[in-house]
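Me: I have a structure to go through today. Could you take me through it step by step?

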Amino acid sequence: MTIVRNVLLLVLATALAAMSGCGTGSSSTEPLDATGTWGAEATRSPFLVLADGEFRGSDGCNQLRGTYEVDGEVVTFASQLHTMMACPGVDSWLSGLASARLDGDTLVVFDHEERRIGELPRTA
């Protein structure tokens, strides 16, 4: 009877560890997949395309290009290059991007002061 009780306790402890994330299963801190197109790739519309650590896009007027890294749910943008054309009537908020967080199928974009400046839905 003691062996059966010990086996049941071991099974229960293993189940509790797996439910709490302490087991050997997959971790919830795995980076999310940020690759894809965020926003509409259309004239005067902000968008980003992320793939293989590089991004390209537009703030609705100017072209953006650079590199990015994903750490958990945070995307950090670096090595940014962008054109500097004047486009009256275009809100060029995306040109201030520094980082972003993945929130389901939405990329929430932050500036260098970590202020939320906009969001882009995943379109592809």
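Reply: Let us begin with a term: a residue counts as buried when its relative accessible area is under 20%. Please note that this is a predicted model.

Me: Is F55 buried or exposed, then?

Reply: F55 has a relative accessible area of 2%, so this residue is buried.

Me: And what about F77, buried or exposed?

Reply: F77 is buried too, because its relative accessible area is 6%.

Me: How many aromatic pairs does a search of the whole structure find?

Reply: The search finds 1 aromatic pair. In general, such a pair is described by the distance of the ring centres and the angle of the planes. Here the rings of F55 and F77 have centres 5.1 Å apart and planes at 80°, so the pair is edge-to-face.

Me: Which parts does the pair tie together?

Reply: F55 belongs to strand β3 (residues 54-59) and F77 to strand β5 (residues 74-82), so the pair links parts that are 22 residues apart in sequence.

Me: New topic: what is the order of the strands in the sheet?

Reply: The sheet is open and has 8 strands, in the order β1-β2-β3-β4-β5-β6-β7-β8, with antiparallel pairing.

Me: Which strands stand at the edges?

Reply: They are β1 (36-39) and β8 (116-121); each has a single partner strand, so one side of each lacks a neighbour in the sheet. On average, neighbouring strands of this sheet are turned by 25° against each other, direction ignored.

Me: Over how many bridges do β6 and β7 pair?

Reply: Strand β6 (residues 99-103) and strand β7 (residues 106-110) pair over 5 bridges, in the antiparallel sense.

Me: What stands opposite A100?

Reply: That is V109, in β7.

Notes
Residues are numbered from 1 along each chain as its sequence is written. This is a predicted model: local features need pLDDT of at least 70, side-chain atom pairs count only at pLDDT 80 or more; totals for chains, interfaces and linings use all residues. Side-chain values use heavy atoms; hydrogens and water are left out. Two strands pair if DSSP finds at least two bridges between them. Helices (H or I, at least four residues) and strands (E, at least two) are DSSP runs, numbered from the N terminus. Axes are lines fitted to C-alpha atoms, for helices over the stretch in contact, and angles run from 0 to 180 degrees between N-to-C directions. Rings of Phe, Tyr and Trp (its six-membered ring) pair if their centres lie within 6.5 Å; planes under 30 degrees apart count as stacked, over 60 as edge-to-face and the rest as tilted. Buried means under 20% relative accessible area, exposed over 50%, partly exposed in between (1.4 Å probe, protein chains only).
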